[in-house]
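Subject: Structure handover

Hello,

I am passing a structure on to you. Please look at it first, then read my notes below.

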Amino acid sequence: MNEPVTVTYSLEEMFSRLENKIDNNHKEVTQKLDKQSEEITTIKATLQAQQPLIQKIPDLAEKVGELKNWRQIVFIVLTTVAGGVMGWFIRGGTLKP
């Protein structure tokens with residue numbers, strides 16, 4: 001049923017084939033690592049270039065907040081003026097108390 005298997009390769013040939021495969025895999029891994037380190041370097045350079053912009057974000061957020069406050073102040077002033085004018089017309093449009 002089960003016949004013995006005979007190997008026709010010599011040990012030297014098998015070891016050399018294994019060494020070649022290991023060398024090829026090592027070269028592939030090295031190339032991939034080099035490529036990834038290049039990509040990481042590119043990403044770091046991009047982040048360094050954007051760093052000044054990132055540091056401005058809190059200042060811009062503060063300025064937007066100030067603009068919102070001004071909008072509220074203007075709305076309150078306009079409402080007060082409109083209410084005063086309407087009250088003046090209701091009283092008859094005179095300056096007498």
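Start with the surface. The accessible surface of the chain is about 9,700 Å². Carbon and sulfur atoms account for 64% of that area. Please keep in mind that this is a predicted model.

Next, burial. Of the 97 residues in the chain, 0% are buried. Buried here means a relative accessible area under 20%.

Now the fold. The chain has 1 helix and 0 strands. Its radius of gyration is 40 Å, while the globule rule gives 13 Å for 97 residues. The value is well over the rule, so the chain is more spread out than a compact globule. Along the principal axes, the C-alpha atoms fill a box of roughly 125 × 45 × 10 Å.

Then the charges. There are 12 positive and 12 negative side chains. The centres of the two sets lie 26 Å apart.

Last, the aromatic rings. The count is 1 aromatic pair. Trp88 and Phe89 form this pair.

How exposed are the two partners? Trp88 has a relative accessible area of 32%, so Trp88 is partly exposed. Phe89 has 57%, so Phe89 is exposed. The cut-off for exposed is over 50%.

Best wishes

Key: Residues numbered from 1 in each chain as written. Predicted model: local features only at pLDDT ≥ 70, side-chain atom pairs only at ≥ 80, totals over all residues. Heavy atoms only, no water. Helix = DSSP H or I, 4+ residues; strand = E, 2+ residues; numbered from the N terminus. Rg over C-alpha atoms; globule rule 2.2 N^0.38 Å. Buried < 20%, exposed > 50% of the residue type's maximum accessible area, 1.4 Å probe, protein only. Areas by Shrake-Rupley, 256 points an atom, 1.4 Å probe, with all protein chains shown as cover. Lys, Arg positive; Asp, Glu negative; His and termini not counted. Charge placed at Lys NZ, Arg CZ, Asp CG, Glu CD. Phe/Tyr/Trp six-rings, centres within 6.5 Å; stacked < 30°, edge-to-face > 60°.
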